[in-house]
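Please consult the sequence and the model below while reading.

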Amino acid sequence: MDSLPVDVLQRAAVVAALLLSFAVILSLDRTSELSARLRRRFVLGVPWGTVVSAGFVLAVYLFVQGGYQYWYSPVTIPFRAWSYYYPLGIASAAFSHGGPGHLVGNLVGTLTLAPLAEYAWGHFPRERGSQSFGSLRTNPYVRAFVVFPAVVLIVGLLTSIFALGPIIGFSGVVFAFAGVALVNYPLGTVIALAGGGALRLVYNALLSPVITATGRPGYITPWWADIAIQGHALGLLIGVLVGLAIVRARNVEDRPSAARLWLGTLLFSVEQSLWAVYWFRGGETYVLYRAVGVVLVAALALVVVFSVVARDDPLFTWEFAGSNEVVRNWQVAAGVLLLATAALAGPAVPANLFTAGSDDLPGDELTVRDYEITYAEDVENDLVAAFDVEAFGETTAVNTSGVIVRSEERGIWTTAVPKGRLAFDGQVAVRLGGVGWRETVYAQRDGWNVLGNETAYRVALGDSESGRIVYTSDPVTAAPTLADRNVTVVPTENGYFLRVDRGNNSLSAQLPAENESVTLNALTFTRNNSSVYVSYDGTDLELLAKETYE
């Protein structure tokens, strides 16, 4: 009988070890007390709102983005929050994801943090004098299966409506779960984060029991430049405000201490990189304001503490609409939180009021239904440039290079593949689509590295096997002069040409095919495998090397 594969045995070992550990703990600990506590807050002891919310997010990935058939390559471009003129993007962005890793990360965050938020609120009302099933508001099933998921949808829409930039992902809502949990169970939230890391480890161990890695370089942006910091902070503040309403309704003795709350908020903010305040400078350059971020995180922790633990004593009286309104200590801190939330959300309103322009795209383009796709370099990003704001030496008017996708109908204008990534990978898939359809366009680059200079290259768009040339780089001249002759590589739609210049005399010919030669002005060029050699008067020199990709 054939033996089981090693990876299957390793996956089985992971599952067996976890089940055995869990069984031993159940036999040693008093689980009845934990079960009773959960049943006092949850219908049948289960956080149904969390389960429904996580199931909805998974369903969007599988059936709206096409993850059911293409688990590793969902459609993402049409499901981002591009602008207010594109309702589909606004409605779907918070519940869509860029890939399986993005999805799993947010689902893990939901399953570890949302139960804490749901537990703080509870399926069974705790207000004095209230009774379960006394009304729809107090009905445990309504609270579990309707109210909690409805609030999740509302928070998701808020994070899309007030997001700065075309965000995608459930992380804003996950941070809102964290905000509710923090002000109720600060250290429990930090522990839940560690539990989320353990869940991700188990998932990755089951997915890939063994990983082999090499030290080769890769094309990457700075890790902090891939974080939707504004969306995360906005979600956290919304969650803190919701959690504040819950915790202030409880008795003073049931609220967390100032030290626990400060430490929990600070540790959470640091671990989740809320200090990573950055700016996109254009091209492929990013600026990280680390010191500013640390100051903001410390200030956030203090404001959260004051809003939760400050006494209810009156601070001052405010005359409003003919009556005297008493303002209390904690309400001032809550007001600061509201102002901070508004300050985060406010800049997104004008930024989301513009849409893609109707000017012709630079260069040749490919059309797929309502999408236009092309490649260009050093062109102004139309979406960003719509509001040219300068502050602290930075500006929103930036240039970009790479594969550009535009849809006037959807208000989309984006650099789908940066120039650097295409130069590293050689071929990158751009997935276009909408609800119920998808089409993949491949961007492909080929080029020749020229001795002592840069690379001459071309970019094509089409299917995975072939495409139409939509961009050619400028000609590139080799650094060495050969017998008073300059050799230049000229990329064209029909291939690469060699041009030999000597004074006012210029001769050109197409780059020779494999194992063939061509002579121009006494220089003989021979192609061998992925190199082109030049010969003159008995001297051979490798002049060109075909560009390679990872």
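Which residue in β22 is the bridge partner of Ser-531? The partner is Ala-545.

## Basis of the report

The model is predicted: local features need pLDDT of at least 70 and side-chain atom pairs count only at pLDDT 80 or more, while totals for chains, interfaces and linings use all residues. Residues are numbered from 1 along each chain as its sequence is written, and side-chain values use heavy atoms, with hydrogens and water left out.

Helices and strands are DSSP runs numbered from the N terminus (helices: H or I, at least four residues; strands: E, at least two). Two strands count as paired if DSSP finds at least two bridges between them. Strand β21 (residues 531–536) pairs in the antiparallel sense with strand β20 (residues 523–528), over five bridges, and Asn-528 stands opposite Ser-531 of β21. There are also six bridges, again in the antiparallel sense, between β21 and strand β22 (residues 539–546).

In the hairpin of β21 and β22, which has two residues between the strands, Asp-537 takes a positive phi near 55°.

## An open sheet

Four strands, in the order β15-β16-β17-β18, form an open sheet with antiparallel pairing. Its edge strands are β15 (476–477) and β18 (505–510), each of which pairs on one side only. Between β15 and strand β16 (residues 486–492) the antiparallel pairing comprises two bridges, and Val-476 has Val-489 of β16 as its bridge partner.

Most residues other than glycine have a negative phi. Ser-273, however, has a positive phi near 60°. Ser-273 is found in the loop between α10 and β1 (277–282), and counts as buried at 11% relative accessibility. Here buried means under 20% relative accessible area, exposed means over 50%, and partly exposed lies in between (1.4 Å probe, protein chains only).

Asp-378 also has a positive phi, near 55°. Asp-378 lies in strand β6 (residues 371–380) and is exposed, with a relative accessible area of 56%.

## Helix α8

Helix α8 (residues 186–207) has 22 residues and reaches 32 Å from its first C-alpha to its last, close to the 32 Å expected at 1.5 Å a residue. The expected span is 1.5 Å times one less than the number of residues.

Which residues of α8 are buried? They are Pro-186, Thr-189, Ala-192, Leu-193 and Gly-196. Seen down the axis of α8, the buried residues fall within an arc of 110°, so they line one face of the helix; the arc is that of the directions from the helix axis to the C-beta atoms. On the other side of α8, Ile-191, Ala-194 and Leu-201 are exposed.

## A nonpolar surface patch

Trp-262, Leu-263, Leu-267, Leu-302 and Phe-306 form a nonpolar patch on the surface, with about 480 Å² of accessible area together. The elements that give two or more residues to the patch are α10 (258–271) and α11 (290–309), and α10 gives the most, with three. Trp-262 is placed in helix α10 and is partly exposed, with a relative accessible area of 37%.

Patch residues have over 30% relative accessible area and no salt bridge; like charges are joined within 9 Å and nonpolar side chains (Val, Leu, Ile, Met, Phe, Trp, Tyr) within 5 Å. Accessible areas come from the Shrake-Rupley method with a 1.4 Å probe, and for residues only the protein chains shown count as cover.

## Salt bridges

The whole structure contains nine salt bridges, each defined as a side-chain nitrogen of Lys or Arg within 4 Å of a carboxyl oxygen of Asp or Glu. In one of them, the closest N and O atoms of Arg-468 and Asp-364 are 3.1 Å apart. This pair links distant parts of the chain, 104 residues apart: Arg-468 is in strand β14 (residues 467–472), and Asp-364 is in the loop between α13 (348–351) and β5 (365–368).

Asp-425 and Arg-421 also meet in a salt bridge (3.4 Å, N to O). Because they are four residues apart in helix α15 (residues 419–425), they are separated by about one helical turn.
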